[in-house]
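Visitor: Hi, I'd like a quick look around this model. Can you put it up?

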Amino acid sequence: MNPLQTTKMTNFRWMICAMLFFATTVNYMDRQVLSLTWKDFIAPEFHWTDADYGTITSVFSILYAVFCLFAGKFIDWMGTKKGYLWAIFIWSLGACLHAFCGWVTMQVEGIDSVAALKAVEAGSMTALSIATVSVYLFLFCRAVLALGESGNFPAAIKVTAEYFPKKDRAFATSIFNAGASVGALAAPISIPPLAEAFGWEMAFIIIGALGFVWMALWVFIYDKPNKSKHVNAAELTYINQDVETDQDPKDANDEGKQMSYAKAFTYKQTWSFIVGKFMTDGVWWFYLFWAPAYFSDQFHYKTSSGMGQLLIFTLYAIVTIVSIFGGYLPKLFVEKRGMNPYAGRMLAMLIFAFFPLFALFAQPLAMWQESPIDPAWWPAIIIGLAGAGHQAWSANIFSTVGDMFPKAAIATITGIGAMAGGIGSMLINKGSGNLFTYAENMGSQFTFMGYEGKPAAYMIVFCFCAVAYLIGWVIMKSLVPKYKPIVVED
């Protein structure tokens, strides 16, 4: 009898998955501090408009996109242990630096108190100067944050490929990717109360410090499966099961030859991933960055209010609960219907591409005068379902990289796709900020589908969010109609 069959398999891979989950949770909480404090706490001090906030989010997005291109290659070169440590150190530092923007602004402007900042006449040259200085300071901090955060997903996807066989990767990815939803879920019930009690500056510092705690754990917990004292032979055999079925079997611990950027862009599989991320990442980031402002603008529920926190919490609770099954669906297709992992993933992605269509009903129901419940609940529920569709889609699209690319190229390709997603996010966030400011200034003169002013502008963006996934899926399927793994020639 094979001795491995009598040895109980360890499950340390799930401990690693839990670490990826907590890193992603911290990642999204750090990203959310600004979106949950700018409207009610920061904007009154610095006289920001929607366009100012749109500029900050769009610049963050484009910088994140550029950094992602190099972060993936950095992770492949540095390795997942050291590379991840550097990434989370930089983004945690960037998160904490936001807290000093107010103090520096007052020093530059020669203003000695927050009350004096707020008291400056709106629309005056002094108010414009305060807004300009503070925006540039926040841009610097967002740049540091973007530099660090760009390493999270390339590192996490590479770790997942190291610790999980192909059939389990989407499920593992859906679990750690749920950290994005949990981070967004925890943010509205923790960040506004922190800002209310201790000031918005301390909210950035307290949340930012969580990353340093994670770093201390990662140093002692992580090692590659074949070197980890926590992984026994039975679990290592389970992790490496794809070695026996791949077209070019090699030692599972040998990542093989590195892939250059020039070579990566010659594959249709790379372009398929690029298109999928470009079309859809911006939708998620729009919900993440603008949902709190939407509930404040549309229904006058501040993020610091009980109702405002409950709406955001409900939205992301739906995202978290529903999306976790997104990674399990292709596993069922593989095990129950005998599909290859890529085919099962693409079928699951098609199913989840229909979820964002719910966004078409967010604004109509928000304006429903005879609603039996507070109309604000309708967009909270609907955006939650649309966001759940995104997170389920995201878990699967990330796993397509591990399906078709060798391990040595996974972080590089993930970084390229994340760059495309960042560009898409920059376009939608900058466009939305300008659109909302323009619509607010135009008032009833700005119309779309029977809506006026800002509600009309939100309806325009919701329409794009609704159809982006189906468009992305069709292009992806056209580029890579069936499973075709890539082998890098020596």
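Visitor: Are α1 and α6 roughly parallel or roughly antiparallel to each other?

Guide: α1 and α6 are roughly antiparallel. Angles under 35 degrees count as roughly parallel, over 145 as roughly antiparallel, 65 to 115 as roughly perpendicular and the rest as oblique. The axes of α1 (residues 12-46) and α6 (residues 125-149) cross at roughly 175° and come within 12 Å. This is a predicted model: local features need pLDDT of at least 70, side-chain atom pairs count only at pLDDT 80 or more, and totals for chains, interfaces and linings use all residues. Numbering starts from 1 along each chain as its sequence is written, and side-chain values use heavy atoms, without hydrogens and water.

Visitor: Which residues of α1 and α6 make the contact?

Guide: On α1, they include Asn27, Asp30, Arg31 and Leu34. On α6, Ala127, Ile130 and Phe138 are among them. Contact means heavy atoms within 4.5 Å.

Visitor: How do the residues of that contact divide?

Guide: Eight are nonpolar, two polar and five charged.

Visitor: New topic. How many aromatic pairs are there?

Guide: The count comes to 50. Rings of Phe, Tyr and Trp (its six-membered ring) pair if their centres lie within 6.5 Å; planes under 30 degrees apart count as stacked, over 60 as edge-to-face and the rest as tilted. Trp393 and Tyr469 form an edge-to-face pair, with 5.5 Å centre to centre and 90° between the planes.

Visitor: Which helices hold Trp393 and Tyr469?

Guide: Trp393 lies in α17 (residues 377-404) and Tyr469 in α19 (residues 453-479), so the pair ties together parts that are 76 residues apart in sequence.

Visitor: Is Trp393 buried or exposed?

Guide: Trp393 is buried, at 0% relative accessible area. Tyr469 is buried too, also at 0%. Buried means under 20%, exposed over 50%, partly exposed in between (1.4 Å probe, protein chains only).

Visitor: What about the rings of Tyr438 and Phe446?

Guide: Their centres are 5.8 Å apart and their planes at 85°, so this pair is edge-to-face. Tyr438 is partly exposed at 44%, while Phe446 is buried at 13%.

Visitor: Which ring does Arg31 lie over?

Guide: Arg31 lies over the face of Tyr64, 5.2 Å from the ring centre. The rule wants NZ of Lys or CZ of Arg within 6 Å of the ring centre and within 35 degrees of the ring normal. Lys73 sits over Tyr261, at 5.2 Å from the ring centre.

Visitor: Last one. Where is Trp103?

Guide: Trp103 is in helix α4 (residues 101-109). Trp103 is exposed, at 55%. The helices here are DSSP runs (H or I, at least four residues), numbered from the N terminus.

Terms used: Axes are lines fitted to C-alpha atoms, for helices over the stretch in contact, and angles run from 0 to 180 degrees between N-to-C directions. Helices (H or I, at least four residues) and strands (E, at least two) are DSSP runs, numbered from the N terminus. Ala, Val, Leu, Ile, Met, Phe, Trp, Tyr, Cys and Pro count as nonpolar, Asp, Glu, Lys and Arg as charged, and the others, Gly among them, as polar.
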